Amino acid sequence: MTGSTARVDHIAPSRRLLRSSALLATLALSGCDGRQSVLAPGGADARVLGDLFWVMLGGAIILWLLVNGLFFYVTRINRAALSRRFANGLIIVGGVIFPTVILGALLAYGLSIMPDQRAPGDGLTLRVTGEQWWWRVEYWPEGAEAPIISANEIRLPAGQRSEIILDAGRVIHSFWIPALGGKMDMFPGRETRMSLHPEAPGHWRGQCAEFCGASHALMAFEVVAMAPDDFALWLAAQEAPAAPPADPAGIRGAEVFTREGCGACHTVRGPEGRDSQPRGAVGPDLTHVGSRLSLGAGTLGTTLEDFETWIAHTGAIKPEVEMPAYDHLSAGDLSDLAQYLKGLE
Amino acid sequence: MRYLWQMLAALAVLAALSGGAVVTLGLYNVSARVGHLPGVSWVLHTAFRNSVRLRAERPPQLPDLNDPALIELGARHYDWACRACHAAPGVAQSPTMAAMVPPPPHIETAVQGWQPHHLHWITANGIKMTGMPQWPAARDDEVWPVVAFLTAVQDGMTGAAYAALTRLPDGPAPQAYCRGCHTPALGTHVPPLAGQGAAYLRMSLRAYLDGSRASGIMAQAVSRPSPAELDALATWFAQQPAPTHAPPPTPAPLIAQGRALAHAATADPDVPACAACHGPNASESAAETPTLVGLPPAYIRQQLLLWRDGARGGGSRAHLMRVAAQNLSDADITALTAYYTTLETNGTGPENE
Ligand SMILES: [Cu+2]
């Protein structure tokens with residue numbers, strides 16, 4: 001990109017225009033790969049918003065054609081003076097009545113779809129808290145007394161509407177899954193809510209949509225809609241305590257985890273009664289981190305190598321991140337830790 | 001007019017040439033024996049006194065400068081860091097030091113006419129072009145013990161009192177020097193060493209030596225033994241039985257609040273569970289993680305403030321602690337200090353009741 005901007009001075013204006021519009025088009029299209037696009041809806045709310053967008057766009061195109069057609073007609077086709085009666089009529093019909101009707105209809109349409117956006121959920125409630133720069137996620141199935149805790153990933157049963165309560169830790173964030181619905185701001189100390197209704201199983205990406213500090217751009221999350229039965233199985237697995245790997249590397253990794261005080265900020269829920277570790281909550285819950293789809297809030301994948309990279313170079317990957325870089329660990333300790341965490345499925 | 005300009009230009013060239021000659025040909029006599037031209041000493045000294053009065057700021061609250069432990073800590077640092085130049089109460093100055101230009105005044109004269117915040121400023125900043133050194137670490141909080149000592153000298157400390165204050169305890173040599181300060185008597189300001197592991201002590205001594213942990217007092221202290229002796233000292237201190245300490249009286253709710261914070265059992269997720277690294281039950285932690293049991297309250301509080309401000313260095317794991325402390329509030333620090341100073345030993349204490 002820098003290369004092409006540096007050369008811009010030497011090319012003719014028309015080619016420059018062509019180039020920059022090509023660049024813009026590429027940027028715009030890259031937003032439409034479907035994983036994070038309002039134009040590829042996967043949920044009822046996003047579909048309504050998509051419809052609204054297409055209706056608006058269609059209307060705008062028709063209006064544009066009408067206005068410019070008229071303009072073309074009076075300047076090129078019929079250059080003679082218009083009759084006074086016709087001109088007055090045009091102003092009253094085209095300038096007053098037509099816009100009032102159109103805007104009124106759009107307003108009515110817009111208002112009519114609002115209740116859908118605020119519809120209550122069918123049972124499952126999620127509680128999502130925006131932290132700097134990751135997402136604390138709690139699942140509250142209907143009637144639950146304690147939440148099932150996860151992080152940086154939103155899973156929803158397909159074909160149902162789920163309630164989402166939003167909150168924030170220290171600064172304002174905004175919760176947005178473009179493929180499933182509109183965005184909603186998250187405020188420290190004030191709850192906001194929304195609900196989402198994925199129509200079929202699918203896999204998308206969400207992103208914080210309100211500037212929240214140095215690593216705002218690196219505050220994303222994976223979104224997965226699952227068939228209700230699969231979802232129930234998945235949720236039961238998340239509720240279970242950690243099943244630490246039993247291979248020698250994994251066992252050594254668990255020791256490194258304790259020795260290095262990772263538990264000060266992270267919880268790994270142990271089997272009932274054997275839970276002597278404090279439950280740190282500064283960072284994401286890691287009880288089932290091995291089964292997640294990303295690390296560092298959508299920043300890295302979850303290969304063993306990704307785990308090692310994250311643990312040893314946090315600050316270089318995410319500026320100002322609140323986890324210290326464990327760059328003093330030996331290569332052996334790092335790979336054991338990665339084995340252990342990856343094994344926490 | 002033109003003549004005037006030519007005159008000025010010629011003078012300027014001449015001045016530059018003679019200045020160059022003084023520097024390059026060695027014409028200026030730097031001999032201390034020759035001293036300054038008449039009046040120069042007076043100008044410099046007056047400028048110094050007024051400069052200190054203009055710059056030294058009175059803090060809103062002074063530490064208790066009459067605290068005997070603070071005075072003794074200051075005296076013991078003074079004895080190894082300043083005495084060579086300024087002598088000591090009741091002791092004559094060495095003739096060599098008195099022959100400096102300007103001469104360091106005997107400490108009994110040096111302290112006259114200054115208020116505590118002036119003495120703090122002088123000790124922290126030093127005095128340019130006189131040989132009076134600045135504090136060897138970028139930390140102003142540790143200068144107060146020395147100020148407490150200097151005000152005690154103002155109040156007429158006798159030679160006998162000074163000798164008693166700075167006497168080394170009995171025992172083998174390098175340890176005795178360290179034990180002068182690291183003794184329960186100074187326990188409110190100086191951390192005990194017995195009770196810490198050898199790895200942590202060794203790492204800390206190296207960090208003082210290479211400046212990665214800032215402390216003017218300890219930087220001076222570690223310059224006394226040889227590096228090899230330092231490692232032996234770390235091992236020796238780690239083997240001593242941890243001193244029994246009487247926890248200071250502390251309100252129970254404050255202890256409970258600190259315990260909850262230390263075990264991440266509060267609703268506030270901003271504070272990492274200190275217990276995961278420091279225990280109680282710290283036996284599984286990295287060897288370079290200190291125990292907090294038995295550390296004096298003023299020391300824990302001061303260290304936490306330094307960590308939070310990013311001013312506390314250390315070894316290869318110091319950044320873990322820096323991140324852990326970065327979001328502590330003043331109230332958190334008070335509660336955590338209350339909890340850890342009332343823990344009896346690792347694994348016992350209020351949290352197991
Ligand atoms: Cu953000």
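Arg35(A) is partly exposed, with a relative accessible area of 29%; here buried means under 20% relative accessible area, exposed over 50%, and partly exposed in between, with a 1.4 Å probe and protein chains only. The structure is a predicted model, in which local features need pLDDT of at least 70 and side-chain atom pairs count only at pLDDT 80 or more, while totals for chains, interfaces and linings use all residues. Residues are numbered from 1 along each chain as its sequence is written, chains are lettered from A and ligands numbered from 1 in the order in which they are written, and side-chain values use heavy atoms, with hydrogens and water left out.

The partner of Arg35(A) is Glu222(A), the two side chains meeting in a salt bridge at 3.4 Å, N to O. Glu222(A) belongs to strand β10 (residues 220–226) of chain A and Arg35(A) to the loop between α2 (13–30) and α3 (44–77), so this pair ties together parts 187 residues apart in sequence. Helices (H or I, at least four residues) and strands (E, at least two) are DSSP runs, numbered from the N terminus. Glu222(A) counts as buried, at 8% relative accessibility.

A second salt bridge joins Arg127(A) and Glu191(A), whose closest N and O atoms are 2.8 Å apart. This pair also links distant parts of the chain: Arg127(A) is in strand β1 (residues 125–131) of chain A and Glu191(A) in the loop between β7 (183–186) and β8 (192–196), 64 residues apart. Arg127(A) is partly exposed at 22%, and Glu191(A) is partly exposed at 48%.

Turning to the metal, the copper ion is coordinated by Cys208(A) (SG), Glu210(A) (O), Cys212(A) (SG) and His216(A) (ND1), at 2.0 to 2.6 Å. Donors are N, O and S atoms within 2.8 Å of the metal (3.2 Å for Na, K and Ca); water is not among the atoms, so sites may look incomplete. The 4 donor atoms subtend angles of 88 to 128° around the copper ion, which makes the arrangement tetrahedral, a label given to four donors if all angles lie between 85 and 135 degrees. The donor residues follow the spacing C-x1-E-x1-C-x3-H in sequence.

Between the chains, 20 residues of chain B are in contact with 21 residues of chain A, contact meaning heavy atoms within 4.5 Å. The area buried between them is about 1,600 Å², with 59% given by carbon and sulfur atoms. On the side of chain B, Pro269(B), Ala276(B) and Leu320(B) lose the most area to chain A, together 28% of what that side buries. Buried area is the accessible area (1.4 Å probe) that two parts lose on being put together, summed over both.

The interface holds 2 salt bridges. Glu260(A) forms a salt bridge with Arg317(B), the closest N and O atoms lying 2.6 Å apart. The elements giving two or more residues to the side of chain B that touches chain A are α15 (275–278) and α17 (318–325) of chain B.

Within chain A, Glu131(A) pairs with Arg136(A) in a salt bridge at 2.9 Å between the closest N and O atoms. Salt bridges that share partners also join Arg259(A), Glu260(A), Asp333(A), Glu288(B) and Arg317(B) into one network.

Key:
Tetrahedral: all angles 85-135°; square planar, octahedral: opposite > 155°, others 65-115°. Salt bridge = Lys/Arg side-chain N within 4 Å of Asp/Glu carboxyl O.
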